[in-house]
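Please brief me on this protein chain.

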Amino acid sequence: MRKQGLVCALLLCFIQGILPLALTSKRTMISMSTAVNRAQTMLQEFEARPQHSKSITREKPRHLVGVFLLNLGGPESAEDVEPFLYNLFADPDIIRLPPVLTGAQTALAWLIAKRRAPRSRAAYDTIGGGSPITRYTRAQAQLLEDALNEEADDDVRFKCYVAMRYWRPFTDEALDQADEDGVSSAVILPLYPHFSISTTGSSLRALLAEMQASHPRLFAAHTVVPSWHSSPGYVDIVARLIRNEIDALPEPKSNDKFPPAVLFSAHGVPLSYIEEQGDPYKRHIEETVHLVAQAVKRDLPSSNIPTFELSFQSRVGPVEWLRPYTDDALIEIAQRGVRRCIVVPISFVSEHIETLEEIDMEYKEIALDAGIEHWRRVPALNLEPDFILELKKQVFAALYQKPAISTSEACVVHSFDPDAESFLADVLPEVQSDVSLINSRTAAIALALTAAIDLLANSRAIHVFGLGAV
């Protein structure tokens, strides 16, 4: 009963839009760091160049290897926000309902998307009206494809595909295109360095279901990179980007007695994922932070060593998430007397709403108000040449150096069942048109659930669970 109460309270917060994906900041225009501006310039220059792959000049190869880059996706325009939210909340790895309510997943997703869309649109408006994640991922895919084909054997050619979980291009679209292109085998490369049920796990589930249902050839000949959080190449890239920001900090003032703080901010997950589901995400993040901190320290003089700290962002709902929360950590750092702070969005491989709005606007505002005087933010990996090189190494290692690992095995390695009944029960629809087209039966169920949850919220039932009126 207590878990059902927590679920109801969480759903009420989602539905009422009390806790949007990224709250709109009072400061809608805050200048970005030089490094982030550089990343945007690199993206614009890439998109302006003639769009062709170096691989197309080669004769038709004997083997065409498809490389699928998995990511969450994001709305590219205001019109995309609502259907994107629907796809997100229709995923049982995002909202885990009790068995008695699993049949209502799509209705709840429709309702939550309708209620949250206005606030989410406002947040996206502050960064240009949509997420740049798809643009960055397409560019990463093309650069990786070129890099792979430069070193491929004469009878092998690589083709990279973007497979997004919650927005176009969807996983099924990527697989269909690969079949049309004649791909004979595949490497699955999640753009999540750290495995989590809600990211890599969910994306692999969707991919597995699509391959089993419609793409048996790829299902029979694929291998997966399950995680790469401790790869030396990845660690070195993040460490270098941090050192760049440390070097850009001003010298401390005479009254500044404390070294700068480097705060790693990772996307949070509910604590229950770690304690009850065995999600390795927190351990993976902590291992990366330790390795990166050691790498940064190696190249800095002892007089300029910062402190290294970890926090978690983007929490929603009344349930306990991984702590400490980033907003609380920034206030605590300022209260210690620290005046120089560098925030590192760890595990984010491209800029999107959580970096450009949540960190650059919301958290920067909190930090400055708390007393931080010099704020810097490390950019995501974006189109860094060393990052593309790291992705290439991961693909070649998966193909030629490591035993092949399937999508199912990749999940089992991390104690995650990709064949869970809730997934295979067709509760993961991918909406490709406006959610207003969902049938009236779904809408009626959603409206009924709204009334029921609102009634529950105003009754004594939630107070019994110790939550109060959320």
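Which residue of strand 4 does Ala186 stand opposite? Ala186 stands opposite His222 in strand 4. This is a predicted model: local features need pLDDT of at least 70, side-chain atom pairs count only at pLDDT 80 or more, and totals for chains, interfaces and linings use all residues. Residues are numbered from 1 along each chain as its sequence is written, and side-chain values use heavy atoms, with hydrogens and water left out.

**Confidence**

- The protein chain averages a pLDDT of 83, and 78% of the residues score at least 70; pLDDT is the predictor's confidence in each residue, from 0 to 100.
- Over residues 1-31 the pLDDT is below 50. This stretch still has 89 contacts in the model beyond near neighbours in sequence (contact means heavy atoms within 4.5 Å).
- Over residues 421-440 the pLDDT is also below 50. Here the model has 43 contacts beyond near neighbours in sequence.

- Strands (E, at least two residues) and helices (H or I, at least four) are DSSP runs, numbered from the N terminus. Two strands pair if DSSP finds at least two bridges between them.
- Strand 1 (residues 63-71) pairs with strand 2 in the parallel sense over 9 bridges. Within strand 2, Cys160 is the residue opposite Val67.
- Strand 1 and strand 3 run parallel and are joined by 6 bridges. Phe68 stands opposite Ile188 in strand 3.
- Strand 3 and strand 4 also run parallel, joined by 3 bridges.

- Strand 5 (residues 261-267) and strand 6 run parallel and share 7 bridges. Ala261 has Thr307 of strand 6 as its bridge partner.

**Burial**

- Buried means under 20% relative accessible area, exposed over 50%, partly exposed in between (1.4 Å probe, protein chains only).
- That is 9 of the 9 residues of helix 3 (residues 81-89), so helix 3 is largely enclosed by the rest of the structure.
- Strand 3 (residues 185-190) has 5 of its 6 residues buried, so this strand too is largely enclosed by the rest of the structure.
- Asn149 is found in helix 5 (residues 133-151). Asn149 counts as buried because its relative accessibility is 4%.
- A polar atom of the Asn149 side chain lies 2.8 Å from the backbone nitrogen of Phe158.

**Backbone exceptions**

- Most residues other than glycine have a negative phi, and most peptide bonds are trans.
- Ser314 is not a glycine, yet has a positive phi of about 70 degrees. Ser314 is found in the loop between strand 6 and helix 12. With 9% relative accessibility, Ser314 counts as buried.
- Pro324 is found in the loop between strand 6 (307-313) and helix 12 (326-335). The bond joining Arg323 and Pro324 is a cis peptide bond, with omega about 0 degrees.
- Ser347 is not a glycine either, and has a positive phi of about 80 degrees. Ser347 is found in the loop between strand 7 (340-344) and helix 13 (353-370). At 17% relative accessibility, Ser347 counts as buried.
- The peptide bond from Arg168 to Pro169 is cis, with omega near -5 degrees. Pro169 lies in the loop between strand 2 (156-164) and helix 6 (171-181).

Methods: A polar contact is a pair of N or O atoms within 3.5 Å; within protein, one must be able to donate a hydrogen and the other to accept it, and residues adjacent in sequence count only if both atoms are side-chain atoms.
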